[in-house]
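Please look at the sequence and the 3D structure below before reading on. The briefing after it covers the overall layout and then a few selected residues.

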Amino acid sequence: MIKNHRFMLSTVGVAMLATAAMAQTSAPTPPSSAPAAPAATQSSVSAPAETNLAGQGKWRTSKLIGVDVYGPDDKKVGDVTEVIVDKAGKVEMVTIGVGGFLGIGSKDVAIPFDQVTWSDQPIAPPAPAPAPASSGSAGGAGSAGGGMASPPAAAAAPKAPAMYPDHGKITLTKDQLKSAPSVTYSGT
């Protein structure tokens, strides 16, 4: 009796596979007209461009969380902890975690989204202090400059759009944020 069940199951499986194969191969062929084929090719090529949001000025809100925020003096004041949207989906504000150490003792302060200036470019580090002049040897100056060749080469390499900004900048200082009222979330 077990042999009959196996035989029946295998027969049903083969019939299903044959039906699927016939459905794939028996699709009607379009009339042979030259313009129809390129139009189908163009639509399939343009479809990925429409769905690929990188480079279209679109940001992923999940990637905004954790982005560093700097004050007017280019010193870090905190990082984005939440993105708040209204019922229509418009981003209203971000909360910035300020104070504390390793997340302990910090608080969230709400900043209207339009008051944050977002940048894709990192903040330039302060210029290093000039090195003392060597003993007059041109080889000494050349060897000191040799280590500087790598960072510009890495910075010059093209990179894909990140789908989130490098940092945000606000007009408030860290001390002003610390004295600002903390955000509370109802229901939590």
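What follows is a short briefing on a predicted model.

Residues are numbered from 1 along each chain as its sequence is written. Because the model is predicted, local features need pLDDT of at least 70 and side-chain atom pairs count only at pLDDT 80 or more, while totals for chains, interfaces and linings use all residues; side-chain values use heavy atoms, with hydrogens and water left out.

**Overall layout**

- The protein chain contains 6 helices and 6 strands; helices are DSSP runs of H or I with at least four residues, strands are runs of E with at least two, and both are numbered from the N terminus.
- Along the sequence, these elements come in the order α-α-α-β-β-β-β-β-α-α-β-α.
- Of the 188 residues in the protein chain, 14% are buried (buried means under 20% relative accessible area, exposed over 50%, partly exposed in between, with a 1.4 Å probe and protein chains only).
- The protein chain exposes about 14200 Å², and carbon and sulfur atoms supply 63% of that area (accessible areas come from the Shrake-Rupley method with a 1.4 Å probe; for residues, only the protein chains shown count as cover).
- Of the contacts in the protein chain between residues at least 6 apart in sequence, 56% join residues at least 24 apart (contact means heavy atoms within 4.5 Å).

**The aromatic cluster**

- A pair of aromatic rings is described by the distance of the centres and the angle of the planes.
- There are 2 aromatic pairs in the structure (rings of Phe, Tyr and Trp, the last by its six-membered ring, pair if their centres lie within 6.5 Å; planes under 30 degrees apart count as stacked, over 60 as edge-to-face and the rest as tilted).
- The ring centres of tryptophan 59 and tryptophan 118 are 5.8 Å apart and the planes stand at 75°, so this pair is edge-to-face.
- Tryptophan 59 is in the loop between α2 (36-51) and α3 (61-64), and tryptophan 118 is in strand β5 (residues 117-119), so the pair ties together parts 59 residues apart in sequence.
- Tryptophan 59 is partly exposed, at 33% relative accessible area, whereas tryptophan 118 counts as buried at 16% relative accessibility.
- Phenylalanine 113 and tryptophan 118 have ring centres 5.6 Å apart and planes at 35°, so that pair is tilted.
- Trp59, Phe113 and Trp118 form one aromatic cluster.

**Histidine 167**

- Histidine 167 is found in strand β6 (residues 167-169).
- Histidine 167 counts as buried because its relative accessibility is 5%.
- Its side chain makes a polar contact of 2.9 Å with the side chain of aspartate 166 (a polar contact is a pair of N or O atoms within 3.5 Å; within protein, one must be able to donate a hydrogen and the other to accept it, and residues adjacent in sequence count only if both atoms are side-chain atoms).
- Beyond four places in sequence, histidine 167 touches residues including Val67, Tyr70, Trp118 and Pro122.

- Aspartate 108 belongs to strand β4 (residues 107-112), and its side chain has a polar contact of 3.1 Å with that of threonine 81.
- Methionine 93 lies in strand β3 (residues 91-98) and is partly exposed, with a relative accessible area of 31%.
- Methionine 93 and alanine 110 are 17 residues apart in sequence, and their C-alpha atoms are 6.4 Å apart.
- Leaving aside neighbours within four places in sequence, methionine 93 contacts residues including Glu82, Ala110 and Phe113.
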